[in-house]
Amino acid sequence: MAAALAIAERGVGQTGNNPSVGCVIVQDDIIVGRGWTQYGGRPHAEAMALAQAGSKAAGATIYVTLEPCAHPSERGPACAHLVYDARPARVVGAVTDPDPRTAGQGFARLREAGIEVETGVMASEARVQLAGFFSRLERSRPFVTLKMATSLDGQIAMANGQSRWITGDFARAHAHVERARCDAILVGAGTVRIDAPRLDVRLAGLEHRSPRKIMLGSGDAPQGWDVLRSLEELGSLACNTLLVEGGAMTASAFLRAGLVDRLLLYRAPILIGAGTACLGDIGLDNLDVAHGRWQISLSRRLGKDSIEVYDALI
């Protein structure tokens, strides 16, 4: 299952509304097939792995990070049917599909066909990897990551507006990897007008993974951008993962609305003093309610800078 989760990473941010799933087929302790969800969401991981395994899938064990889909689609056959036709001896799944069109039916059909099914293997790791898909299905909105790059004193720009660059090359490269892993990226209308950001992925070999660009606010967006008029429309974006890059008003609005699931905090070892703070009012009435909201999951150096990743607890 760890191998299936690892190859599923290849499709993260590239599968549209579909989840990025990994599948590994093992026969006599040898991997005979593997696959991950392809660009745009099709073919599915199971279809790719089964095509590679061919007749060797019969009697094998199939490891898959998400329950094989059981509902028909114009884009391809249901994976539960493909697995059934391949006649494996055993299917090991990480998590059940939250899509009500499948929601346990895929596993049930395989059991009814006499195939041994085990579930819940590395389920917590799979839930983390599929957090965007689960968020869209269960909360009707994408999983939101807020990225901020600040000085030690929490500034994102000098008093004269200069902000390029607060962090160094390593931190910016890391941020571009994060962009490549998201379906869409959002900034406020003010940032669009003042900074004219490109919001693309500028890493060799990953340029094609630049996410969909969204402007929050009113007014005309640049060509190729989508517009989100208000946070109430967040569920209409029809994407699994959203990266919010600011500025301060936009970051504060998402935090105030309780819509941030993950924080990426890049920090440079500099002091700016008077400047532009990374946040404004986020709706706190007293200091007590500020505690217990975030849990750190990663802390590391990126050249001269550092990054801390926090997960929302409430």
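Of the 314 residues in the chain, 48% are buried, where buried denotes under 20% relative accessible area, exposed over 50%, and partly exposed the range in between (1.4 Å probe, protein chains only). The model is predicted, so that local features need pLDDT of at least 70 and side-chain atom pairs count only at pLDDT 80 or more, whereas totals for chains, interfaces and linings use all residues. Residues are numbered from 1 along each chain as its sequence is written, and side-chain values use heavy atoms, with hydrogens and water left out.

The chain contains nine helices and 15 strands; helices (H or I, at least four residues) and strands (E, at least two) are DSSP runs numbered from the N terminus. Its radius of gyration is 22 Å, close to the 20 Å given by the globule rule for 314 residues, so the chain is as compact as a globular protein of that length. The radius is taken over C-alpha atoms, and the rule is 2.2 Å times the number of residues to the power 0.38. The C-alpha trace spans about 70 × 45 × 40 Å along its principal axes. Among contacts (heavy atoms within 4.5 Å) with a separation of 6 or more, 71% join residues 24 or more positions apart. The accessible surface of the chain is about 15,200 Å², and carbon and sulfur atoms contribute 52% of it; areas come from the Shrake-Rupley method with a 1.4 Å probe, and for residues only the protein chains shown count as cover.

An unreviewed UniProt entry places the feature "domain: CMP/dCMP-type deaminase" at residues 1–118. Over residues 1–118 the chain is 27% helix and 24% strand, with the end C-alpha atoms 12 Å apart. For "binding site", UniProt (unreviewed entry) lists H44, C69 and C79. These residues are spread over 36 residues of sequence but cluster in space, with a largest C-alpha distance of 9.2 Å. UniProt positions follow the numbering used here, feature names are shortened, and annotations may be inferred rather than shown by experiment.

C69 is located in the loop between β3 (61–66) and α3 (79–86), and C79 in helix α3. C69 counts as buried at 6% relative accessibility, as does C79 at 2%. Neighbours within four places in sequence aside, C69 contacts H44, E46, A78, C79, A80 and T102. With residues up to four places away likewise not counted, C79 touches H44, E46, P68 and C69.

K147 lies in strand β6 (residues 143–150) and counts as buried at 18% relative accessibility. Beyond its neighbours within four places in sequence, K147 is in contact with A175, L243, V244, E245, L264 and Y266. Helix α9 (residues 248–256) is mostly covered, seven of its nine residues being buried; these are A248, T250, A251, S252, A253, F254 and L255.

Two cis peptide bonds are described here. The bond from R42 to P43 has omega near -10°, and P43 lies in the loop between β2 (30–36) and α2 (45–53). The bond from R164 to W165 has omega near -5°, and W165 is in the loop between β7 (155–158) and α7 (169–180).

M122, although not a glycine, has a positive phi of about 55°. M122 sits in the loop between β5 (116–118) and α5 (123–129) and counts as partly exposed at 29% relative accessibility. A196, also not a glycine, has a positive phi of about 45° and is exposed, with a relative accessible area of 57%.
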